[in-house]
Amino acid sequence: MKSKKKILFFGATSFAAEDLIKVLKSKYVILNLSRSKKDDLKNIYFDLKNIDHSINKINRIKNIEYLFFFSSYVPFKEKYSNLNKCFSSNVYSPIDLLSKLKIRPKKIILASSCSIYGNHKKNINENSLLNLENNYSISKYLQENIFRIYCRENSIKFLSLRLGYVYNKNLNKKKIIKIIINKIKNKKKFKVFNQEKLRFNLIHTKDIANITARILIKGKGIFNLVNNEILSLKRMIKIISDNLNKEIKYKNINHKTLIKSSTISSKKIFKRYNIKPKIQFKYGVKDLI
């Protein structure tokens, strides 16, 4: 009987990896490299902020097929992200890790972010110009290039998934989607801003899991991962109220200076591998309510 191939996973306890871990662990031995333990995985204590203490453990591991890096600092409000926190976790720690890493996986899979596109007036794909608007987006752009260059120099395949607004049933209650759901549930009046201009490029964690698992062996390069749905704030509120079957009590206020949010495309992954996200918000919202 063949033994399962091994995956080194930084960030197995992260929000974006919730469903991905469930899919992968049936086919692979997943080594959770983290300060936190995760049920049903082989947990190896690893502190990215103190790599010297932990690096020897993984350098002794043999037959590593893949290295996943889903471990990043994600600020609650990207616009006000702290420079030191973003660069310490998302830039300096990966550099320190890779400079001391002696094992050579066949492929590295990085959870990147669509935040690096910033805001444009047009639709966005992987070839669009970047618009690094804050400390977080700068740190994620640098992180992606650190891994890309490392892989090129060490003949390792590289797969970067630029994730959109990640959600599932465990979405933080302070996120705008959950706030709106709770307001409508409790029949409370609320106000929003620029409901036509504000758009969401969502991706459900089940789609992250399904697509990543399906392209894991052959996939390489950089891909956006969003559900290809033009979802304005107004449309989102309507979908939520329809699912809750409750009246909406809110007021919209328009700020003329606000630029319409970009719509991001993930058609490249469909054209390359004939696969696309399946969960549109009208279905995914059922997990949230």
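A: Start with the terms: axes are lines fitted to C-alpha atoms, for helices over the stretch in contact, and angles run from 0 to 180 degrees between N-to-C directions. Helices (H or I, at least four residues) and strands (E, at least two) are DSSP runs, numbered from the N terminus. The model is predicted, so local features need pLDDT of at least 70, side-chain atom pairs count only at pLDDT 80 or more, and totals for chains, interfaces and linings use all residues. Residues are numbered from 1 along each chain as its sequence is written, and side-chain values use heavy atoms, without hydrogens or water.

Take helix α3 (residues 83-100) and helix α4 (residues 135-153): their axes come within 8 Å and cross at roughly 5 degrees. That makes α3 roughly parallel to α4 (under 35 degrees; over 145 is roughly antiparallel, 65 to 115 roughly perpendicular, the rest oblique). From α3, the contact (heavy atoms within 4.5 Å) includes Leu-83, Phe-87, Val-91 and Leu-98. Among the α4 residues are Tyr-136, Ile-138, Leu-142, Phe-147 and Tyr-150. By class, this contact of α3 with α4 has 13 nonpolar, four polar and one charged residues. Here Ala, Val, Leu, Ile, Met, Phe, Trp, Tyr, Cys and Pro count as nonpolar, Asp, Glu, Lys and Arg as charged, and the others, Gly among them, as polar.

Helix α5 (residues 176-185) packs on helix α9 (residues 281-288) at about 75 degrees, with the axes 11 Å apart. α5 is therefore roughly perpendicular to α9. Ile-177, Lys-178 and Ile-181 of α5 meet Phe-281, Val-285 and Leu-288 of α9. The contact of α5 with α9 divides into five nonpolar, no polar and one charged residues.

Next, the strands. Seven of them form an open sheet in the order β3-β2-β1-β4-β5-β6-β11, with parallel pairing (at least two DSSP bridges between two strands). β3 (42-45) and β11 (221-225) stand at the edges with a single partner strand each, so one side of each has no neighbour in the sheet. From one strand to the next, the twist averages 20 degrees. Inside the order, β4 (residues 64-69) and β5 (residues 107-113) pair in the parallel sense over four bridges. Phe-69 stands opposite Leu-110 in β5.
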